[in-house]
Amino acid sequence: MPGSTLVFPVADLAQHVILLLLYLVQNGTGIYDDVNGRPIPGLERYAHRLKLEAAYPMTFLEQVALTDVSVEMGTACYAGALMLQALGLGGWMYTGLNPFTVLGASGDPAVPGLGFRFDMLPNNPLPHITGLPGVFEAHVPPHHASMRAAVEAAVARKFGAGGPFDPKQGGPYRENAAIRSGAAAIDAEAIEIAALMAEYVFTTFGRFPATVPPVFLKTYLQAHRLDTEFYDRYFTPEAYLRTHAEHDRNWR
C-alpha cells in the first residue's frame, strides 16, 4: 500500500555455519557426522590441535547457527519497531508470509518475489535458495567455486581490507588499530581444517549446510504512517504515543 514499507532481514546462514566451524577449530575441536554416525575423514591428521573426542554433532552446530541468525533477525526487527515509535510511525513485526515465495521460489512467474536463485535438489521437496546474484550471495556454490573458496571468503570478509578486524579500518576507538588487530587470527591450518569439514558436508549431502538452509528468512517488519483518526474513533487516547500524534507536525 502507498505509505507502507516492508523490510525483509535475510541471513547468510551458510556463512554463519562456516564461522562456527572456524570457532570450533580455534577452540581445539571440530564436528562429526551424526547423521551417518561417523567422523569426518582427514581430521585425524590434525590431532596435534584437535580433541576429536569433544567434537560437536554436525546437526547440533547447524541448529545453533539457525538459532543465532533467528535471534539476530528478530532483534533487528524489534529494534526497528522501537525506532518507528520514536519517529511517530506505525508498524508491526510478524511472520506469516511464505519465505520461499518472498525470496523468489514461488514457481509462478507472476510472483517473482525478491528474485533469489534456487535449485530443486533430489529427494528434497523444498527450494534450495542460495542467493541473489551480485547482491546477496551465500557462502556456498555456485556463488563460490568450492566450499574451500567459501571458507576463505568468509575469513577475508572478517580480517581483510574493510573488514571489522582490519587495523586500517576507521572506528570510534582511541587505539583503533590495536583494538581491531587484537582479535585472535585465523591461521592457514585452521582454514584448511574448516574447509575439510565444509567440503565433506557438501560432498556427502549435496548441499551446505546439510540440514538447514543456506539462506534464511523468517521475521518481517512493516512500517507505515499511522491513521490516528481510526484510533481516535475506535480506541481510547492511550492507543498511540505522543510521537504518533505529533508526527505530521514534526515531519512536514
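# A walk through a predicted model

The backbone nitrogen of Gln15 lies 3.0 Å from a polar atom of the side chain of Asp12.

Asp12 belongs to strand E2, which covers residues 11–12. Is Asp12 buried or exposed? Asp12 is buried, and yet no salt bridge goes with it. The nearest side chain of opposite charge belongs to Arg157, 6.4 Å away. A salt bridge needs the nitrogen and the carboxyl oxygen within 4 Å. If we set aside the neighbours within four places in sequence, Asp12 is in contact with Phe136, Glu137, Ala138, His139 and Pro214.

Now let's step back to the whole chain. There are 252 residues, and 38% of them count as buried. The chain has nine helices and 11 strands. Along the principal axes, the C-alpha trace spans about 70 × 55 × 35 Å. Here is one more number for the overall picture: among contacts with a separation of 6 or more, 68% are between residues 24 or more positions apart.

On to the strands. Which strands pair with E11 in the antiparallel sense? Strand E1 (residues 4–7) runs antiparallel to strand E11 (residues 220–224), and four bridges join them. In that pairing, Leu6 stands opposite Gln222. Strand E6 (residues 90–94) is also antiparallel to E11, over five bridges. There, Tyr94 stands opposite Tyr220.

There is also an open sheet of three strands, in the order E4-E3-E5, with mixed pairing. Strands E4 (38–39) and E5 (56–57) stand at its edges with a single partner strand each, so one side of each has no neighbour in the sheet. Strand E3 (residues 31–33) pairs with E5 in the parallel sense over two bridges, and Tyr32 stands opposite Pro57 there.

Next, charges. Side chains of opposite charge can pair when their charged atoms come close. How many salt bridges does the structure hold? The count is nine. One of them brings Glu192 and Arg148 together, at 2.8 Å from N to O. Glu192 sits in helix H6 and Arg148 in helix H4, so this bridge ties together parts 44 residues apart in sequence. Both ends are partly exposed: Glu192 has a relative accessible area of 33%, and Arg148 comes in at 28%.

Another salt bridge joins Arg225 and Asp248, at 2.4 Å from N to O. This pair links distant parts of the chain, 23 residues apart: Arg225 is in the loop between E11 and helix H7 (228–234), while Asp248 is in helix H9 (residues 247–250). Asp248 is partly exposed, at 39%. Glu246 and Arg242 also meet in a salt bridge, at 3.4 Å, and Arg242 is exposed, with 61% relative accessible area. Finally, Arg49, Asp187 and Glu189 are linked in a network of salt bridges.

Let's turn to the aromatic rings. The count comes to 10 aromatic pairs. In one of them, Phe159 and Phe165 are tilted, with 5.2 Å centre to centre and 35 degrees between the planes. Phe159 is partly exposed at 24% relative accessibility, and Phe165 is partly exposed at 27%. Phe230 and Phe235 also form a tilted pair, because their ring centres are 6.1 Å apart and their planes stand at 50 degrees. Phe230 is partly exposed at 40%, and Phe235 is partly exposed at 43%. Those two belong to a cluster that ring pairs build from Phe230, Tyr231, Tyr234, Phe235 and Tyr240.

Most residues other than glycine have a negative phi, and most peptide bonds are trans. Where are the cis bonds here? One joins Pro141 and Pro142, with omega about 5 degrees. Pro142 is in the loop between strand E9 (136–137) and helix H4 (147–159). Another cis bond joins Phe208 and Pro209, with omega about -5 degrees. Pro209 is in the loop between helix H6 (188–205) and strand E10 (215–216).

And what about Asn123? Asn123 has a positive phi of about 60 degrees, although it is not a glycine. Look for Asn123 in the loop between strand E7 (117–119) and strand E8 (128–132). With a relative accessible area of 85%, Asn123 is exposed.

Definitions and conventions: Residues are numbered from 1 along each chain as its sequence is written. This is a predicted model: local features need pLDDT of at least 70, side-chain atom pairs count only at pLDDT 80 or more; totals for chains, interfaces and linings use all residues. Side-chain values use heavy atoms; hydrogens and water are left out. Rings of Phe, Tyr and Trp (its six-membered ring) pair if their centres lie within 6.5 Å; planes under 30 degrees apart count as stacked, over 60 as edge-to-face and the rest as tilted. Buried means under 20% relative accessible area, exposed over 50%, partly exposed in between (1.4 Å probe, protein chains only). Lys and Arg count as positive and Asp and Glu as negative; His and the chain ends are not counted. A polar contact is a pair of N or O atoms within 3.5 Å; within protein, one must be able to donate a hydrogen and the other to accept it, and residues adjacent in sequence count only if both atoms are side-chain atoms. Contact means heavy atoms within 4.5 Å. Two strands pair if DSSP finds at least two bridges between them.
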